[in-house]
Amino acid sequence: MLYYLGVSSISRRMANIADFRDFEAFKACRVFVREIGFLIRSAPLKRDRCLVDQMERASISVLSNFAEGFERDGNAEFMQFLTICKGSVGELRAQLIYCLDIELIELERYETLDVMAEKAARLLGGLARYLKTSGKTGRKYERRSRPVLKRRRRRVIKSRAA
């Protein structure tokens with residue numbers, strides 16, 4: 001897992017990641033969000049439309065912010081979106097506590113989902129910390145492989161009016 005690897009291992013792997021779906025953090029978020037999707041479509045929660053809507057928005061936010069941050073190609077922006085993503089995971093954890101407290105879900109299901117959420121949050125935090133300390137700025141700041149050619153200035157030819 002990305003979070004548990006040493007920094008040198010992470011930096012070697014980060015250089016090869018070209019798609020947000022390849023990150024262990026994204027994979028953990030996806031598994032967690034999928035289970036939340038199944039939960040909010042179950043009978044006891046279906047009746048609480050407000051809660052379901054809020055949980056669905058938070059779930060969508062987790063995956064969307066991860067993807068958007070990565071696709072912006074800058075590590076500073078990616079870190080910002082990862083913190084939003086991690087916040088949405090926290091929001092879902094709080095909503096799960098609410099579901100448990102009002103007996104919409106059983107303790108065993110709550111504990112399973114909370115472990116998944118903790119793992120996702122830990123991986124997101126580890127990735128953000130790596131990006132902060134890596135010294136890399138992101139793909140959009142890397143040198144281009146081919147030099148950018150300078151434009152030639154056009155010469156203005158004055159017409160002679162007779």
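Helices are DSSP runs of H or I with at least four residues, numbered from the N terminus. The model is predicted: local features need pLDDT of at least 70 and side-chain atom pairs pLDDT 80 or more, while totals for chains, interfaces and linings use all residues. Residues are numbered from 1 along each chain as its sequence is written, and side-chain values use heavy atoms, without hydrogens or water.

**View 1. Gln95 in helix 5**. Gln95 is buried, at a relative accessible area of 10%; the cut-off for buried is under 20% (1.4 Å probe, protein chains only). Leaving aside neighbours within four places in sequence, Gln95 contacts Leu51, Gln54, Met55 and Ala58. Contact means heavy atoms within 4.5 Å.

**View 2. The largest nonpolar core**. Such a core joins buried Ala, Val, Leu, Ile, Met, Phe, Trp, Tyr and Cys residues through side-chain atoms within 4.5 Å. Helix 2 (24-40), helix 4 (49-71), helix 5 (75-101) and helix 6 (107-133) each supply at least two residues. Helix 6 gives the largest share, 11 residues.

**View 3. Phe32 and its partners**. Residues up to four places away in sequence are not counted. Phe32 then touches Val89, Leu92, Leu96, Leu113, Met116 and Ala117.

**View 4. Helix 2 and its cover**. Helix 2 has 17 residues and reaches 25 Å from first C-alpha to last. That is close to the 24 Å expected at 1.5 Å a residue, the expected span being 1.5 Å times one less than the number of residues. Its buried residues include Phe26, Cys29, Phe32, Val33 and Ile36. Their cover includes helix 3 (43-46), helix 4, helix 5 and helix 6.

Note on methods. Buried < 20%, exposed > 50% of the residue type's maximum accessible area, 1.4 Å probe, protein only.
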